[in-house]
2 protein chains.
Amino acid sequence: MLSDHLSITYAALADPTRRAILARLAVGEATVGELAEPFTMSLPAVSKHLKVLERAGLIRRGRKAQWRPCRITAAPLKDAAQWLEHYRDFWDDSFDRLDDYLGELQSAEKQDGRTS
Amino acid sequence: MLSDHLSITYAALADPTRRAILARLAVGEATVGELAEPFTMSLPAVSKHLKVLERAGLIRRGRKAQWRPCRITAAPLKDAAQWLEHYRDFWDDSFDRLDDYLGELQSAEKQDGRTS
């Protein structure tokens, strides 16, 4: 079930090579050849990853037939980051408080279990 | 290639049901039955999603044999958010400046192309 925008973005990010390609493109646009250089990977293999990134709207490719440089597009990354932002409380200080609270709930449930 | 931690997290997030389950668990721990309620989905189907989330370290399940409540664990979400943070510049104000800069680069390249 990968029909929604956010799922397509996360699926595209679920690969170290594709994340490395995005990291390279964050520095500036690059051709497929330039992107392939740091990897022990064929050009077709890199092109396949680029297609996944392009379908997810994470990169755009130039219109020049031969050269076609790739560049990063930010909107899907922003949406992906914003979804994760909702969970920030869980890794900030307040998480400890939530953890305590859940611990208390569990203890209360155990006691309920004993008395019923 | 889903062997690395970050890829496993993003792959787990690449599904609307699994994200909905995490949203529900952000409110508090819940049983499989409680998690299945809002979905038109069988318990085994929900259990399958929970296994993916558990393997990704995004949830933990209680040890009680019958009840086994699920709760969210934040560390992988934090890592996923931190990776995306590196790209914040692309969707903040500075993106416009970067965009202008890349535009200038392209114009310069076009001019180089004409003169060579």
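Predicted model: local features only at pLDDT ≥ 70, side-chain atom pairs only at ≥ 80, totals over all residues.
**Exercise 1. An inter-chain pair**

Are A:D4 and B:R19 buried or exposed?

*Solution.* 
Step 1. The burial state is settled by relative accessible area, with under 20% as the cut-off for buried. Both A:D4 and B:R19 are buried.
Step 2. Their side chains form a salt bridge, with N and O 2.6 Å apart.
Step 3. In general, side chains of opposite charge can pair when their charged atoms come close.

**Exercise 2. The counterpart pair**

Identify the salt-bridge partner of B:D4 and describe the accessibility of both residues.

*Solution.* 
Step 1. The partner of B:D4 is A:R19, and the closest N and O atoms are 2.6 Å apart. B:D4 sits in the segment before α1 of chain B while A:R19 sits in helix α2 (residues 16-27) of chain A, so this pair also joins two chains.
Step 2. B:D4 has 21% relative accessibility and therefore counts as partly exposed. A:R19, at 8%, counts as buried.

**Exercise 3. The interface between chain A and chain B**

Describe the extent of the contact and the elements of chain B that contribute to it.

*Solution.* 
Step 1. The size of an interface is often given as the accessible area lost when the parts come together. Here chain B and chain A bury about 3,700 Å² between them, and 67% of that area lies on carbon and sulfur atoms.
Step 2. Polar pairing is counted next. There are two salt bridges between chain B and chain A, and six residue pairs are in polar contact, both residues being at pLDDT 80 or more.
Step 3. On chain B, at least two residues of the side touching chain A are supplied by each of α1 (5-13), α2, β2 (70-72), α5 (75-85), α6 (88-91) and α7 (94-115). The largest share, seven residues, comes from α5(B).

**Exercise 4. Helix α2 of chain B**

Check the length of helix α2(B), then describe its N-terminal cap and its buried residues.

*Solution.* 
Step 1. Helix α2 of chain B has twelve residues (residues 16-27), which at 1.5 Å a residue should span 16 Å. The end C-alpha atoms are 17 Å apart, in agreement with that expectation.
Step 2. The N-terminal end of α2(B) is capped by B:D15, a side-chain oxygen of which lies 2.8 Å from the backbone nitrogen of B:T17.
Step 3. The buried residues in α2(B) include B:T17, B:R18, B:R19, B:I21, B:L22 and B:L25.
Step 4. An α-helix has 3.6 residues a turn, so residues three or four places apart point the same way.

**Exercise 5. The surroundings of A:L22**

Which residues does A:L22 touch, leaving aside those up to four places away in sequence?

*Solution.* 
Step 1. A:L22 is located in helix α2 of chain A and, at 0% relative accessibility, counts as buried.
Step 2. Within chain A, A:L22 touches A:L13, A:L53, A:L58, A:I59 and A:I72. From chain B, B:W83 and B:Y87 also touch A:L22.
Step 3. A:L22 and A:T73 are separated by 51 residues in sequence, and their C-alpha atoms are 9.5 Å apart.

**Exercise 6. The polar contacts of B:T73**

Locate B:T73 and list the backbone atoms that its side chain approaches.

*Solution.* 
Step 1. B:T73 lies in the loop between β2 and α5 of chain B. At 12% relative accessibility, B:T73 counts as buried.
Step 2. The side chain of B:T73 reaches the backbone oxygen of B:G57 at 2.4 Å. A polar atom of that side chain also lies 3.5 Å from the backbone nitrogen of B:I59.
Step 3. Not counting residues up to four places away in sequence, B:T73 touches B:G57, B:L58, B:I59 and B:R60.

**Exercise 7. The overall layout of chain A**

How many helices and strands does chain A have, and in what pattern do they occur?

*Solution.* 
Step 1. Chain A contains seven helices and two strands, arranged along the sequence as α-α-α-α-β-β-α-α-α.
Step 2. Of its 116 residues, 41% count as buried.

Technical notes. Residues numbered from 1 in each chain as written. Chains lettered and ligands numbered in written order. Heavy atoms only, no water. Helix = DSSP H or I, 4+ residues; strand = E, 2+ residues; numbered from the N terminus. Buried < 20%, exposed > 50% of the residue type's maximum accessible area, 1.4 Å probe, protein only. Expected span 1.5 Å × (residues − 1). Polar contact = N/O pair within 3.5 Å; in protein donor to acceptor, adjacent residues only side chain to side chain. Contact = heavy atoms within 4.5 Å. Buried area = accessible area lost by both parts, 1.4 Å probe. Salt bridge = Lys/Arg side-chain N within 4 Å of Asp/Glu carboxyl O.
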